[in-house]
Amino acid sequence: TSNSGLFGKCEDALIQNLTVSGEVNGKDYVGGIVGSIFIYQDLPENYGIQNCVSYVNVTGTDAAGGIVGHVRDSLILKCVNFGTVTSKGASGIVSKSFGGQVKECVHLGTINRVADSTSEYAAGIIGSIITISSSIISSCYNAGTIVKPADSKDTEDNLKYAFLVGIGTTALTASNNYYLNSSLQFTGAAGFDDSKDTFCRATY
């Protein structure tokens, strides 16, 4: 099913101070803590997910994140992912962001991008940012592993590997983010063409 996690789909919520472990499997919008979290009301800026740690192994068809699959105008603050995320669109903290803020988050787990001709991204912190409202990524760190499979069928247009943000937009504001340079790993691939993919993006 879609919207899978400890919590499925949350609206106008504050989730905080949780440590979770185990496995979660779903279709679209899958996360170790919550599948999707949306903020619609005029609420305090701290609403979203705070101070949560995930050891969950997350598997989804698309949009799977170590903490959350899909966010809209939410704050993801001081969260850590140790789990493994497997999907054609996978990331360590947030898979798809429609506005919101990701601050002081750390990914220490593993990102496994499924070898598929429709694959989208594999990223350490945020997979894809959709331009609806402005997004912020600040003081985040990726020291996890991003695995590119040997039988990769990706093309230049349908996949972005990145240490921090897979697919960004001009609506993104980024500052004080870091990554471990050895995060990307190959499983049998002979090389990596940086002219086509963006795993070396260091502007965030």
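## A salt bridge between partly exposed residues

K78 has a relative accessible area of 42%, which makes this residue partly exposed. The structure described here is a predicted model. K78 forms a salt bridge with E104, and the closest N and O atoms of the two residues are 3.9 Å apart. This pair links distant parts of the chain, since K78 and E104 are 26 residues apart. K78 sits in the loop between strand 7 and strand 8 (80-81), whereas E104 sits in the loop between strand 11 and strand 12 (106-107). E104 is also partly exposed, with a relative accessible area of 40%.

Side chains of opposite charge can pair when their charged atoms come close.

The structure holds two salt bridges.

K96 is buried, with a relative accessible area of 13%. D62 likewise counts as buried, at 12% relative accessibility.

## The nonpolar core

In soluble globular proteins, nonpolar side chains tend to be buried together. In this model, the largest nonpolar core has 38 residues. The members that touch the most other members are I37, I49, V68, I76 and V102. Two or more residues of this core come from each of strand 3 (19-31), strand 4 (34-38), strand 6 (53-65), strand 7 (68-77), strand 11 (94-103) and strand 15 (126-129).

I76 illustrates how such a residue is surrounded. When residues up to four places away in sequence are not counted, the contacts of I76 include I49, V68 and V102. I76 also touches I67, V71, I93, V94, Q101, K103 and C105.

A disulfide is a covalent bond between the sulfur atoms of two cysteines. The structure holds zero disulfides. C79 is in no disulfide, and the nearest cysteine sulfur, that of C105, lies 4.8 Å away. The cut-off for a disulfide is a pair of sulfur atoms within 2.5 Å. The sulfur of C140 also has its closest cysteine sulfur in C105, at 4.8 Å, which is too far for a bond.

C79 is buried, with a relative accessible area of 0%. C140 is buried as well, with a relative accessible area of 0%.

How values were computed:
Residues are numbered from 1 along each chain as its sequence is written. This is a predicted model: local features need pLDDT of at least 70, side-chain atom pairs count only at pLDDT 80 or more; totals for chains, interfaces and linings use all residues. Side-chain values use heavy atoms; hydrogens and water are left out. A nonpolar core is a set of buried Ala, Val, Leu, Ile, Met, Phe, Trp, Tyr and Cys residues joined through side-chain atoms within 4.5 Å. Buried means under 20% relative accessible area, exposed over 50%, partly exposed in between (1.4 Å probe, protein chains only). Helices (H or I, at least four residues) and strands (E, at least two) are DSSP runs, numbered from the N terminus. Contact means heavy atoms within 4.5 Å. A salt bridge is a side-chain nitrogen of Lys or Arg within 4 Å of a carboxyl oxygen of Asp or Glu.
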